[in-house]
Amino acid sequence: MDGTSSVSGEVLIAACSITKDYPGVRALDAVDFDVRAGEVHLLFGENGAGKSTLISILAGAAKPTSGTLWFRGREISLHSVHDARELGISAVFQDFSLVAQMTVEENLFLGEEPRRGAFLDRLRSREHAREILDELDFRIDPAARVDHLTRAEQQMVEIAKAFRSDLSVLILDEPTASLTNHETDQLFKLICELTARGIGIVYITHRMAEIQQIGSRITVLRDGRYVDTVNAQSASEEDLVQLMTGREVGEIFPARIPQTEGEMVLKVENLSTRDESVNGVSVEVKSGEIVGLAGLVGSGKSELMQAAFGAKEIVAGRVHLFGRESTGHGPKRNIQDGFLYLPSDRRTEGLMMMRSARENVALAALDVEPFSSGPILTLGGERRAVGDLADQVNLQPRQIERTADQFSGGNQQKVMLARSLTRDFRLIAFDEPTVGVDVGTRAAIYEFIVELVRHGVAIILISSDLPEILHLSNRAYVFYRGRVQAELFGAALSEEAVLAHLFEREGA
Amino acid sequence: MAARRAAESAVTLVLKRAFVRLGILPFLLLAALVIFTLMSENFLTSRNLTNVLRQSVYLTIVSIGQMLALLTGGFDLSVGTILALASVAGAMAMAAVYAAMPEAIWLSITIGCLAGIAAGTMIGVLNGVGVAFFNVSPFMMSLGMASVGFGIALYLTGGVPVYGMPIQFGDTFGFGNFLGIPTPVLVAAFLVLALYVFLYRTPYGRHFYAVGGNRKAASLSGINTRGTLFLTYVLCAFFAAVAGMLLTARLDTGEANIGASMPLESIAACVIAGVSLRGGVGRLENVVLGALFIGLVQNGMNLARIESYLQTVVLGALLILAVIADQIRLKYVATLKG
């Protein structure tokens, strides 16, 4: 507990010896946690370590089985999110609680609409909304519809909602998961302003880089247990990984594979899509290499591969797959030819959440052995094949009949990755393969990708995570606004070079 | 006292687990059996239960089609119209051929059946084109087609029942037996078996679940989602049309006014059987049980002399109860999962 001495604000909320049981599972086991005024207290741990359970208890969304909650030195019990709000404790969860079809101000006051008699007081509502947004320095039009805003702006609205009443503790659950770098900077600036005002912030993140940028203290949880609280400024990455996983992970990234001169696998020439997300892009991929596609969200890196895979309409340009023209081929044809694209958003694009892991893994290979013979499914063969793959990706728990939504985020990702082994793929595009997964799973996923390359599979790694691109790829293309800004390899593939091209020629 | 309470909570836990695993249907079936056995001594006889089976045939066939629509995340409100249109078109064609060639009885029956099934399936083709290729919501598409089909059926007949079919049609497909089993039951059993093999033993069957489970993921996995959706509504209409022809044989007339209750009853049978309205979840064997359950309730209410108007009240209430039970089940799943 050496880190605690450096922070000396008033304790706002304290959780003492909190235990939370769900039938059959102990999600939290006697965990202590407190937030002081003016600090950013990071919660750190692998998926399933109990972070989400802890914050939902702090936010009043769940009740502890045992243990006590204290607010400014007084014992409290929270029966609902509303109770917590009354005390000034607000949480911004990953899934926003915004009504997309309503305006910003309607969302801000949802449930607590300013009224005159029985009627809505639109004028006061507009004024009050402006006050809140101005105070936070958010440049958002209160009359704009929420679904017309960017993801970052929606997050601002969500945060602004917390300011309806006096705020003392703000809980942020992976707020930067879907933000661009610029938007992240904006959020961090806001967090600094809030802490300067004496607001305590609980912050969950998987990103190491954010820790030193904004953190004051870090509490590490593992398997529902409290491990340690350390000072964010003095803790090294290695320390945290060890605290979090309970073992020496050492290097997260596997050793780079030497580039072998392989044959051309994918050749994209001057490709443009109908929705103009990609404009005249040319890319080449050879067998036995990992090609990184770097860029901000919406820079066209994912869209390019979706177009090459046949999931997006192409208006100009050509695609050659394994030496033959494949422009305009749909996903079915490409999969049969040995090209798979695994999407970034596993919930909305990757998995059937209420179907079993078995069906999810087998989905792209139902027309080949051992999953079927002729027009008839081979159920036994399917079960064996998926069982073997589950072992190979180390699925936890290893129950292939469990529905996808009953697995943790990291294991859902493994289910999707297993799909790439169901048939003889020679080119696989991974779109953000490590979004929202813990460090342990991340290392496993990298190892998985490298293993594929060893077997001669060509890999396209689409990622917003810079270290991922730098450590894994042999060559990288940097995307900016639908175009390739640079092709980097060898010594030129450095953090500075990629960063320079991510933002360069703004407005050009 | 404490021991008793512990025993009680153990029983509730077991019931809760059973409810989560099996859904509401087993509980409803048990309740229906007990209630109707108490209300009427004729209920629990093999004769009456055979009756139930025969009466439920039409709903069963329509329901297994409806299940496909629900699996892919939609539904088909035009199944009633399809029944009516098949009945009218089939009866007219059969009567016309029979009148022209009175000696070619089986030819007229074959042509009539094919014509009826083709006419009904056409509605499904249009539904499929609208939903799969023009992205019309299944609700609007099938609601619109329900009106179109009903209008056509009334226009063809002028609202008058169609007579003049060979007597052998009704004798065989309406009242006939084969190996001691009523022919309609055999037809239904064959269709259920065929659909079972198609759904659970071929990749195409898996595609229905995939499209309903996550259309985008299905598409990125190389599944032809539009084709699957199209096939969904064509198959659904095909099943409804077959039910329409079987019912025509039973009634011995072609009627434009049959099937009005089919959309509600078939959706109810599916939902009670645990088919999710969100798509992607549901088992064929349960849907068959769901349809039999509704037949059982209707039969039981008839024996208990409950007025037919009140019967529709009970059916509507059951449907809503099943949806509420599904919601509660989801909540239990969440708590049991942890």
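How many Å separate the centres of domain 1 of chain A and domain 2 of chain A? Taken over C-alpha atoms, the centres are 35 Å apart. This is a predicted model, in which local features need pLDDT of at least 70 and side-chain atom pairs count only at pLDDT 80 or more, while totals for chains, interfaces and linings use all residues. Residues are numbered from 1 along each chain as its sequence is written, and chains are lettered from A in the order in which they are written.

In chain A, domain 1 covers 2-245 and domain 2 covers 251-338 + 424-508; such bounds come from an automatic or database domain assignment. Their contact takes 10 residues from domain 1 of chain A and 8 residues from domain 2 of chain A, where two residues are in contact if their C-beta atoms, placed from the backbone, lie within 7 Å. On the domain 1 side, helix H8 (residues 237-245) of chain A gives the largest share, 3 residues. Helices (H or I, at least four residues) and strands (E, at least two) are DSSP runs, numbered from the N terminus.

The contact between the chains draws 28 residues from chain A and 21 residues from chain B. Strand E2 (25-36), helix H10 (331-337), helix H11 (346-350) and strand E20 (376-377) of chain A each contribute at least two residues to the side that touches chain B.

In chain B, helix H4 (residues 79-100) has 22 residues and reaches 31 Å from its first C-alpha to its last. That span is close to the 32 Å expected at 1.5 Å a residue, the expected value being 1.5 Å times one less than the number of residues.
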